[in-house]
Amino acid sequence: MLKLIAAAVIGAAVLTACGGNYKPPAAVVVAQPDYKQTDTLIGTGATAKLGTTVTIYDPDDAADKSIPDSQKNILNRYMIDSQLVTVNYTGYLYDSTKPDGKGAVVETSAPGESMFPGFPMQPFTLGAGKPLANTTALIGFDQAVVGMQVGGKRTVVLPASLAYGATAIAARTATGNPQKSFPAVPANSPLVYDIELVAVTMLPNIIPATPPAVVTDLVAPVVGTGAAPVAGKYARVYYTGYFYDGTVASRIGKQFDTNVPVTAPTPPAVAPTLSFLVDASPLEVIKGFNDAVKGMQVGGKRTVIIPSKFAYGKTGSATIPADSTLVFTIELVSVGDTKN
């Protein structure tokens with residue numbers, strides 16, 4: 001009899017699910033509080049401040065008042081007068097039934113009690129008004145410390161968009177202290193933080209070298225002995241692309257692309273060269289690369305700095321941020337009348 005009843009219930013559930021009365025479960029919408037900060041104690045020490053952004057525009061654009069700054073080509077952008085701030089904190093789940101909004105404690109700055117495994121120290125140090133290293137979480141926390149004075153305390157209410165967003169964090173126990181546990185943080189949870197500013201440290205100003213405004217050789221080129229690519233010819237090259245880094249002597253930063261064959265530990269088959277029509281309309285490669293190759297001969301090698309306006313400009317690409325100056329090493333392999 002129990003089996004028959006169970007079968008009937010299951011059958012009814014299936015029929016209901018297949019019928020017109022079935023409604024999918026509604027998505028859970030979490031009511032979000034407004035961002036709010038309340039100073040509970042005014043400090044008397046140094047004030048946490050944002051650094052200053054320095055932007056150097058292309059000389060051709062800088063003096064032209066008719067071009068909005070947002071459309072000017074940028075040669076260099078860097079921060080000066082940046083700070084590190086050191087804080088103690090306690091984080092809570094937001095509870096709308098509490099006058100102060102503080103629900104269960106979910107993390108603190110004590111060793112092993114942070115939700116950031118890479119930040120177990122106490123007190124906690126971060127850049128004033130800057131995202132936490134290697135994460136886009138808690139941007140409201142970063143902003144909240146700005147304007148505080150050492151010795152001061154502040155409570156901030158963070159809607160989920162300024163906290164951990166759609167990321168859910170499982171319940172856990174404190175590292176090294178299994179007696180202390182923290183509840184889970186569901187996705188889209190607003191949070192509340194008590195913050196105490198312990199110290200402010202000025203960072204040294206590192207002013208990166210400004211790249212040139214035109215395509216320029218970084219080192220003396222190796223002159224080839226073969227044919228020179230001209231308009232209407234196909235140039236075949238090996239290349240490696242890097243981001244320009246004005247803080248290092250070589251000016252060569254992180255590599256983002258290459259077609260140079262690997263020679264160790266196991267040489268692969270011959271890697272394909274990049275083949276493109278010189279001065280094609282429209283260009284088949286970025287203008288700075290096209291122009292750099294025109295000054296070469298087969299067998300030659302060049303390392304060139306290509307400013308943003310001759311690369312990916314203000315739009316960037318899937319892997320290249322906007323306003324990026326690039327460095328390319330180029331080896332001209334051959335020149336021909338056909339692509340391959």
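Which element gives the most to the lining of the largest pocket? In this predicted model, that element is β3, with four residues. The strand spans residues 74-80, and both β3 and β12 (234-244) supply at least two residues each to the lining. The pocket has a volume of about 290 Å³, and among the 16 residues that line it, L75, N76, R77, Y244 and D323 lie nearest its centre. Sorted by class, the lining holds eight nonpolar, five polar and three charged residues.

D323 sits in the loop between β15 (301-306) and β16 (326-336), and its phi is near 60 degrees, a positive value in a residue other than glycine. Most residues other than glycine have a negative phi, and most peptide bonds are trans. D323 counts as buried because its relative accessibility is 19%, under the 20% limit for that class. A positive phi, near 70 degrees, is also found at R251, which lies in the loop between β12 and β13 (252-258); with a relative accessibility of 24%, R251 therefore counts as partly exposed. A further backbone feature is the cis peptide bond that joins S281 and P282, with omega at about 0 degrees, and P282 belongs to the loop between β14 (274-277) and α4 (287-294).

Two or more lining residues come from each of β1 (36-41) and β7 (153-158), and β1 gives the most, with three. By class, this lining has four nonpolar, four polar and five charged residues.

In soluble globular proteins, nonpolar side chains tend to be buried together. Here the largest nonpolar core has 26 residues, and V87, F141, L191, Y193 and I195 are those with the most contacts inside it. The elements that contribute two or more residues to this core are β4 (83-94), β6 (124-127), α3 (139-144), β7 and β10 (191-202).

Notes:
Residues numbered from 1 in each chain as written. Predicted model: local features only at pLDDT ≥ 70, side-chain atom pairs only at ≥ 80, totals over all residues. Heavy atoms only, no water. 1 Å grid on protein atoms, 1.4 Å probe; cavity = no way out; pocket = protein on both sides within 12 Å on 5 of 7 lines; lining within 4 Å. Points joined across faces, edges and corners; volume = space filled by probe spheres on them. Nonpolar A, V, L, I, M, F, W, Y, C, P; charged D, E, K, R; others polar. Core = buried A, V, L, I, M, F, W, Y, C linked by side-chain atoms within 4.5 Å. Buried < 20%, exposed > 50% of the residue type's maximum accessible area, 1.4 Å probe, protein only.
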